[in-house]
Every structure is written in C-alpha cells, then in structure tokens.
Amino acid sequence: MEISFHNNMFSLLLLLLPSLSFSPSAWAACNAVDKEALLGFKRTITADPSRLLQSWISSTDCCTSWKGVACNSVGRVVNVTRSGLVSDDDDLLDTFMNGTLSPSLGNLSYLQLLDLSNLKNLNGPIPPEFGKLRRLTHLFLNSNQLTGSLPATFKHLSRLERLFLNNNHISGIIPFSVIGSLTALTELGLSENQLRGSIPATIGKLVLLTKLDLHANNLSGSLPTTIGKLKSLKYLDLSQNTIKGSIPKSIGGLSALVLLDLNQNQITGSIPSSISGLISLQFCRISENKLTGSLPPSIGHLPSIQRLILENNKLTGKLPATMGHLVTLTELFLSNNRITSKIPSSFSNLQNLQTLDLSRNHLSGELPTELAKLQNLQTLDLSFNPLGLVSIPKWFAKLKLFRLMLAKTGIRGSLPRWLYSTSISTLDLSDNALTGKLPPWIGNMTSLSLLNLSNNGLHSSIPAEFKNLRRLMDLDLHSNKFSGNLDTIFSKGTDDPIGHYNSIDLSDNMFAGPINDSVLQSSAMDSITSLVLSYNLLKGSIPKSIRKLSELRILKVVSNGLSGKIPVELGDAMGLTTILLSRNNLMGSIPGKVINLNELKEFDVSHNQLRGEIPPHKAIIPVSSFIGNPGLCGAPLPPCE
C-alpha cells in the first residue's frame, strides 16, 4: 500500500500544460551568458542516448533553436525542461542522461523553471551555485542519482513554489535555515533519499504548503508541534523513517489534510483526541509504530475518512462505539494490537465498509448480528481473537464476502453447508477444532483461490469434486488427518490463466501411496513454487517428471517412506532454494547437478540410505544435513577411504 508522489507524473504534467515561458519569435536573441551557462551543462553530460541536447549548438540561438529552452522578450532563459520523460508524437519516451549538474546553471539569473527530472543517471552533488537562481519558482531534479547534502544556499530561493528532489541519494540533515526561508513553497518532495536528523521546527513557516513528502529517509526526532500551523496542507507523508515521540496535539489543526501517512516509524504514546480536527482526512495510516492507549472516542468524528490503517501497534482498550459514525469508511485495519472486549453493534452503520481487519487482538464476546447489514463488505478478518465462536454464525451467509478469515476463533464441528453457495475466494479457517470429512460440496465453491484448513481435525480422503476448484492457487491442509492419495489434488482443473498452484502444504497428515509421475505434469502444477508433503505415509520413488516444475523454489518431503534414488532430473528445477528429503529410505548417490543448484540455500538428506562421495558443492551445508547415511563420505563428513 505504497502512498507517495508519482515522480514521473510531474514531468508529464509539464509536457502537457502550457509553458511558464514566453514565445520568443521576433524578440531579442539569446543572452550570451545564458547560452554559455547551458553549454557548460551540456559539457558535463557524458551520455545522451535520446539526444535531448542535440539541438544545443553554439552557432544557433538558444531561444529559438534549442529544444527544451524558452526565453522572455529580452532573450533571457526562463525555462529549461529536459526531463527523462519525453513527448514524441503523442507518445512518451522514457530515457536517461549520464553526467553531473554544472555549476554554470547557476548563472541563469532569470530562470523560473528547471526540470531535469527522471534522467535516472545524473549524479554528483547539487551545486551551491543554484542558490543564485533568485527568480526560480519550480525545481525538479527528482529520480536521479544525486548525492551530497541540500545546499545551504537554497535559503536564497525565496520565490520557489515547487521543489522535488525525491528518489536520489541526498544525505545529511534538512537545514533549518533553508526550510524556514522557502516561505513561497506549496509542494516539497524529498522522499526516498538518505536524509537524517529531525524535521526542522521551521517547517511551520511554510504556511502555503499543500504537499509535504519526506517518506523513506532516515529522519529521527519527534514531529515538530509547529506542523499544526500548515493550515493549507493536504498531503503529509512521513512514512518509512525512524521518527519517535508522540503525535502532537497540534496536528488537529490540519483541517485541510486529505492524506496522513506515518507508517513504519517509532511513534509512541496515544492518538490525540484532537484528531477529530482532521475534517478533510480521507486516508490515515499510522501502522507499524508503537502507539499505546485506547482509541479516542473522537476518532469517530472524521466525516470524510475512507481508509483507516492502524495495524501493528500496541493499542489497548475497547473499540469506541463512536466509530459507527464513520459512514464514509471503506477500509479499517486494526490487526495486531491489544484491543479487548466486543465489536460494537454500531459498526453495522458502516454501510460503505469493504474491508474489516480486526485480526490478532484480544476481542471476545458474541458477534453482533447487526453486522449482517454490511452488504458492501468484501473482506472480513477476525483471526486470532479469543471469540469462542464454536460455529460460524448463520447470518454470515447474508454477507457477500470474497475473503473470510476466522483462524483460531474457537470454531468446532463440521464445515457449515451454507459456504457452498457463496462466492468466497479466500477462506481461512485454520487453527480451529473442525472435525469430520471434507464434504463433496466443497467442489461447488468454484471461486476459491486460497483455502486454508490447516491445524484442525479433519479426516478422510479428498473428494473427487475437489477437481472442480479450477481457480484454486494456494492450498494449505497441513496438520489434519487426511488420507488417501494425492492425485485428486494435483490433477484438479484450471481456469486459464488462473487456477495454477502457487503453493501446496499437505504436511502432517496420513496421505499414502506413490506420487504419480503423470499428475506432476498436470497443468495445475506447472507453476507451483512451494510443495510441502512432509510427515505423511508416501511411498515409491520421486518422479522424474519433477523436472517439469520449473518454477519450484521449495520442496519438502521429510519423514515419509520414499525409496529409490534422488533423480538427477531434480536439478532441472533451476530455481530451487530449499530441498528437504530427510528421514526417508532414499538410496544411491547424491546427484552433483542437484546439490550444485545455483539458488540452493537449504539442503537436507539426513537419515536415508544414501551412499558414495558427497559431490563438491558451493552451498554451505552443515554436517547435520548428511548424517544418518552410513554409506556417505566426503566434505563436510569425513573423507572417503
């Protein structure tokens, strides 16, 4: 859920909007100082594959003949636009330049707009001479490889309205004197750099600021209380830093704020009750911090809020009943906190709610039946709460859910039959006390793409109707008592281009029989990345057709009854990172092609009947991965005699 300025869009807008300059036509020729300043920049460019500067020739007039340059009536350059996004016959060409920023550009004393954004490979520091551009209103240097610190001379750019240096490698602190001097700024983008230190308190002087994006830096310290003075601010993104301290009460003064993103910081304390002052707020994300205390009742007075994301904190107390007033809310994420008590019945008023995630809290008590009114709800996650549901409430059948997650909520007994008539695509009922068979009507749940019934007490073989799950891509049935062979699972149908497995985990069951060579070649298996079959009763050899699983990354078949040799064809699954085959009855030698797979990180064939010398290999594999094979020798085991 990355929220940031779309760097490329700024250059695109500059191409589509009218220029800030004037057509020179019959006006004065290009000023000699300005021409030399631009040629000085061209000399520092070492690669220009799209020939953005090809027309910059000293024998021609820079006002009339040079692309990307515009002048005023007296021949002074006011606009230089050579972005890496180039408009070419209604198409956009995405290109680059190699080189550095020449100090000579600081001699363009009439310059109002400089756009050298998205050139990707401009490197080196921003010359302090840029501080001489006293008429500059727009400076775009984003999406390059610029280094060094923010020039202190920027404090002289008092007319600057839009400054974007995001997506570079700029380091150092944000100078207090610079920020406090740029009082004409309306938009400031310094995100995705290596800035450190605190956000200057002088930020409060930028009263015209509408957008402030400092995300993905190394900023620390606390949020300055002066931030509450930015009455025009609409967009505030300080995510992915190490900001500490509490949220200042003054934040409630940002009545124009539409987006607030403080995700991934180290903010502590409680959410201030002044949050109710954010009357324009639509997106609020303060997840992955260290917030404590209860949610203030005033949080229910955000009349425009659509997405509220407070997951992965240490929030406690009850859910305020006032949250039922958030009728514009579409997404609510409060997972992984310490919230207690019941879900308020007032939540039934959230008629626009599409996602409700309250997982991993301490919620208890009966679920209010009024929640059946949430007819726009698509995703409901109440997993890992001590709800003691016993059974899934029947009124759930009235909801139009696509994703239902109720892991470890105390569900017992058999799967409720009403599930077969739903359009659920993700169903997670893991870590409960479900019993009985997997019913044949499971085949009617044809929208399923993910099914997780792991860690329950389900038994019997997989019904033939399972093959109808043509959209299923992720299956987790581990830690049950399922039996029978694997053919029905592996050979299910697909609904191209979906329905090809990503992952299967059938470990800790009682599946038996051989792994059929033919079923591994089914279309459902052709893009699987993770196959976990450990702790079953499988017998026979590892099929040679495993070479067909070209996307396979993880293979775990620990503690079964596999026999025969490790097929050399396993080495054709070039992407394998994990191969765990310990505690079987495998014989023969270890194929060098397998143990030398380029991506291999984890390999364990201990406690088998393997013989011969362990092939030389690059991966670091411990002794424990080979023990229990009396016939094996060679590093890391003792040398062969």
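Reply: Gladly! Helices (H or I, at least four residues) and strands (E, at least two) are DSSP runs, numbered from the N terminus. This is a predicted model, in which local features need pLDDT of at least 70 and side-chain atom pairs count only at pLDDT 80 or more, while totals for chains, interfaces and linings use all residues. Residues are numbered from 1 along each chain as its sequence is written, and side-chain values use heavy atoms, leaving out hydrogens and water. With those runs counted, the protein chain has 5 helices and 44 strands.

Me: What share of the residues in the protein chain is buried?

Reply: Buried means under 20% relative accessible area, exposed means over 50%, and partly exposed lies in between (1.4 Å probe, protein chains only). The protein chain has 641 residues, and the buried share of them is 54%.

Me: What box do the C-alpha atoms of the protein chain fill?

Reply: The box is taken along the principal axes. Its dimensions are roughly 90 × 70 × 45 Å.

Me: How many disulfides does a search of the whole structure find?

Reply: A disulfide is a covalent bond between the sulfur atoms of two cysteines. Here a pair of cysteine sulfur atoms within 2.5 Å is taken as one. Searching the whole structure on that basis gives a total of 3.

Me: How many residues apart in sequence are the parts that C30 and C62 tie together?

Reply: C30 and C62 are joined by a disulfide, with 1.7 Å from S to S. C30 sits in the loop between α1 (7–16) and α2 (32–43), and C62 in the loop between β1 (45–47) and β2 (69–71), so the pair links parts whose separation in sequence is 32 residues.

Me: Is the disulfide of C30 and C62 right-handed or left-handed?

Reply: The torsion about the S-S bond is what to look at here. For C30 and C62 it is about 75°, so this disulfide is right-handed.

Me: Is the link of C63 and C71 right-handed or left-handed?

Reply: C63 and C71 form a disulfide with their sulfur atoms 2.0 Å apart, and both cysteines are buried. The angle about their S-S bond is -95°, and the link is left-handed.

Me: Is C640 buried or partly exposed?

Reply: C640 forms a disulfide with C633, the two sulfur atoms being 1.8 Å apart. C633 has 16% relative accessibility and counts as buried. C640 has a relative accessible area of 31%, so it is partly exposed.

Me: What pattern do the disulfides of the protein chain follow?

Reply: To read the pattern, count the bonded cysteines along the chain. The pairs then come out as 1-2, 3-4, 5-6.

Me: How far apart in space are G189 and K229, C-alpha to C-alpha?

Reply: G189 is part of strand β13 (residues 187–189), and G189 is buried, its relative accessible area being 0%. G189 and K229 are 40 residues apart in sequence, and their C-alpha atoms are separated in space by 19 Å.
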